[in-house]
Amino acid sequence: MNLDSKVPSGPLKEKWSKHLNDIKLVAPNNKRKHDVIVVGTGLAGGSAAASLAELGYNVKSFCIQDSARRAHSIAAQGGINAAKNYPNDGDTIWRLFYDTIKGGDYRSRESNTYRLAEISNEIIDQAVAQGVPFAREYGGLLANRSFGGAQVSRTFYARGQTGQQLLLGAYQAMMRQVNKGKIEMHTRHEMLDLVIIDGKARGIVTRDLVSGEIQRWMADAVVLASGGYGNVFNLSTNAINSNVTAAWRCHKRGAAFANPCYVQIHPTCIPVSGDYQSKLTLMSESLRNDGRVWVPKDKDDDRHPNDIPEDERYYYLEEKYPAFGNLVPRDVASRNAKIVCDEGMGVGQTGRAVYLDFRDAIEREGKKAISDKYGNLFEMYENITDDNPYEEPMRIFPAVHYTMGGLWVDYNLQSNIPGLFVAGEANFSDHGANRLGASALMQGLSDGYFIIPYTIGNYIAATDLDEVNRDHEAFDEATSNAQSQIDKLFEVDGDKSVIEFHRELGQIMWDKVGISRSEEGLKEAIKEIQDLREEFWNNVRVPGESSNYNKYLEFAGRVADFLELGELMAKDALHRDESCGCHLRAEHQTEEGEALRNDDEYSYVAAWEFQGVNGELQEELHKEDLEFDFVELKQRSYK
Amino acid sequence: MADTFTVHLKIWRQDGPDQPGKLVDYTLDKVNEHMSFLEMLDVLNEEIVAEGKEEPIEFDYDCREGICGSCNLVINGQAHGPKDMTCTCQLHMRNFSDGDTIVIEPFRAKAFPVIKDLVVDRSAFDRIIEAGGYVSVKTGSAPDANSIPIDKTVADTAFDYATCIGCGACVAACPNSSASLFTGAKLAHLNRLPQGEPERKKRTVSMVDQMEEEGFGDCSNYAECEAVCPKGISISAIAEMRRNYVKATLAGTEA
């Protein structure tokens, strides 16, 4: 497998502009002769579709939701980073780049991460021009706040609904192109396979989720922007329908899956309340700007938190990390919450929670100021838990939130399959082993607005794209492949619900491929997932029929893919015999319990090539060495 | 842990758009006060699947944190149920009591045809946005973000209207099935911002005309929409929309 990253030569600061000078262009009157498929309508897919259509390409856009506006980017709360330096606190593109690569624990590609920081400012300009109502100061200019893992205020925000506002901006830009006839929008469609002809991605196969019909779509290039795979854990902060199927089916067609074990566990979520639970709700990390994290020093202290005096509270983040305090990166905050709970200091009915306390902030700034910043988050918390966070501390616990791994892409965001581009959370590109807060929105929009539109043009201009048609044998094969998987699911006709399988898989993943991993646990996980997968194909029950709206059928297909992906994640975590970022191997920790990297042996991207499933998932490992020419690799320290 | 309790459910079942539908009775024990309303339906569906006599109940959902706008149930006659400023997915069973009978229906409107059971087609909303709910700015052509100062109160009000999640509760609650609050909210967001000003008239006329074309009714100021809106969007948006519409049509959209 060829993992040529195609990173341009030259100084870091000049790579992207040099690349833009060098890439080939498609003439304006020729763009309308080319079709591009975009799968997913979140920030990456929506912005890519709109921008490609504006350029003149014919875009076919697909999403599983009933409207493009509902993609899961909509749920992002806190904000979006940019190196504008409006607060005059010393921010630069270099600093944003450096924070991001350091936050990722030096497991991302320097060139991609630098480009992300470089593009960040244009994104804010674009969003504001679209009418995205970011928070403003009384003088009428944009407001900023600080976020985990940074010592400058570079985060732009729209109360606690930044993702919603940015997504609506991209959605509206898309709908403008739908109106112009440049985007053909297909909602309630799920991609089930990728069609490769002469070695190039030339189309997809979808299922119309309303009629159940399996359909064929052709194009000159395919952009996959189908999001992350956090729902392999069953309980996560992802939307219930978020899934890996589109990406996994591309993987099974030859696209390398990179760093699947890099999973971010978000430190500030509402704790689990019962086994009926369908999802976990995130409270934006921006809360850590003003909230103080603590547990009672005494394990057996069952007083109401407001009755526990100051000197009997253990502000463990502030004590252990005085420089960053409550604003340490997410992985550090999550791990420490687990540590104090494992030591028995956890609070709440289950003992799997810590306090996030706004008492001091309310005293300092007043209730109104806190409500202006976090009003909707406080309401959400109160609505779910029936407790009032203005009056008593929130209880929080980590939950799976974001997956840094994804399909391998080169500098052009093209996978190892020519013509298949991957954007946003679906690719592995910019965050290394840990993503900093307010960086996901930045990456999705950077990929979609400002990278894909250029690099797709370069591909189309430089590639011989012969005419294909829907009757090509590759389309026949992909269509029957999709159909036979559906038939197979019904044929099992077992006793156990899809939801139960998903719950069991999630439990294995959380216990053994979660916050902390060990060789022993990972080996057990691999075996358990294999057994569960076998049981699934012998005992799953899928009700209803395929020719109608059938959510259980949709879920069955997705859980089947999660049952394969889960094994790959465990394999990847097992092979990576070091700790880095969110990947903590219990065997490799510093004396202070921090991730201990092994740069000599593991400074590479692990890209897995699918070989088949035969009881065991067969995958071949390929390595893309990470070269650091511009930053020095250091042990991360937030003390 | 909280005690469990029992509810009696009357749920709208309909096989497809052209099939007749009816309310079907179910009883569910094991309801926990911390369950969300949709989790309660998940538990019911698991029972239905285990029994294997009928197909599970279809309903729309996605984020389950009140922001995607997918979930859309009429609960005891109220869009999104009894709790103010709350989506169906954020409604918890602590709002109900042991022995309650709960009637669950889809968002009904001529412009929202039923797909199956409680799932409806809300694509008319997309077409209203398509008609003009945007600022025409191509990627790459934006000036520096701070080049246009905007009064904080204007920006904050624009945000309040922009928080619409497009769920359609306003339509379901309206005796006329009007989409005026949805349409008005997008207009009130974009029309008050300097970025939206150049297209204000054209946008207003196109979106209002599209709303009518989709088969939504007129607004008669019942204000039911505001009462059920999970994001608390004010009906001032509708007054503003009408004002702008009259001005634009009197003056001509090109003026």
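The model is a predicted one, in which local features need pLDDT of at least 70 and side-chain atom pairs count only at pLDDT 80 or more, while totals for chains, interfaces and linings use all residues. Residues are numbered from 1 along each chain as its sequence is written, and chains are lettered from A and ligands numbered from 1 in the order in which they are written.

The UniProt record, an unreviewed entry, carries the annotation "active site" on A:Arg330; its positions are given in the numbering used here, with shortened feature names, and such annotations may be inferred rather than shown by experiment. Is A:Arg330 buried or exposed? It is buried, since 26 other C-beta atoms lie within 10 Å; the rule is that 20 or more such atoms within 10 Å make a residue buried, 12 or fewer make it exposed, and anything in between is partly exposed, with C-beta atoms placed from the backbone. Leaving aside residues up to four places away in sequence, A:Arg330 touches A:Gly148, A:Gln264, A:His266, A:Pro267, A:Glu285, A:Asn434 and A:Gly437, where a contact means C-beta atoms, placed from the backbone, within 7 Å.

Now to chain A as a whole. Its secondary structure comes to 17 helices and 21 strands, and its C-alpha trace spans about 75 × 60 × 50 Å along the principal axes. For 639 residues a compact globule would have a radius of gyration near 26 Å, and the 24 Å of chain A agrees with that; the radius is taken over C-alpha atoms, and the globule rule is 2.2 Å times the number of residues to the power 0.38. Of these 639 residues, 61% count as buried, and among contacts with a separation of 6 or more, 74% come from residues 24 or more positions apart.

The domain assignment, which is automatic or taken from a database, gives chain A domain 1 (12-260 + 402-462), domain 2 (266-400) and domain 3 (473-625). The centres of domain 1 and domain 2 of chain A, taken over C-alpha atoms, are separated by 31 Å, and 21 residues of domain 1 are in contact with 24 residues of domain 2. On the domain 1 side of that contact there are 5 nonpolar, 14 polar and 2 charged residues, counting Ala, Val, Leu, Ile, Met, Phe, Trp, Tyr, Cys and Pro as nonpolar, Asp, Glu, Lys and Arg as charged, and the others, Gly among them, as polar.

Strand 6 runs antiparallel to strand 7 (residues 200-208) of chain A and is joined to it by 8 bridges, where pairing requires at least two bridges found by DSSP; A:Met191, for example, has A:Thr206 in strand 7 as its bridge partner. The hairpin has 2 residues between the strands, and A:Asp198 in it takes a positive phi near 50 degrees. The other element is helix 7 (residues 245-252) of chain A, which is largely enclosed because 7 of its 8 residues are buried, including A:Trp248 and A:Arg249. Just after helix 7, A:Gly254 takes a positive phi of about 120 degrees.

Most residues other than glycine have a negative phi. In chain B, B:Arg64 has a positive phi of about 55 degrees, but B:Arg64 counts as buried, with 25 C-beta neighbours inside 10 Å.

Finally, the two chains together: 65 residues of chain A are in contact with 64 residues of chain B. Which element gives the most to the side of chain A that touches chain B? Helix 6 of chain A does, with 9 residues, and by class that side has 27 nonpolar, 25 polar and 13 charged residues.

Technical notes:
Helix = DSSP H or I, 4+ residues; strand = E, 2+ residues; numbered from the N terminus.
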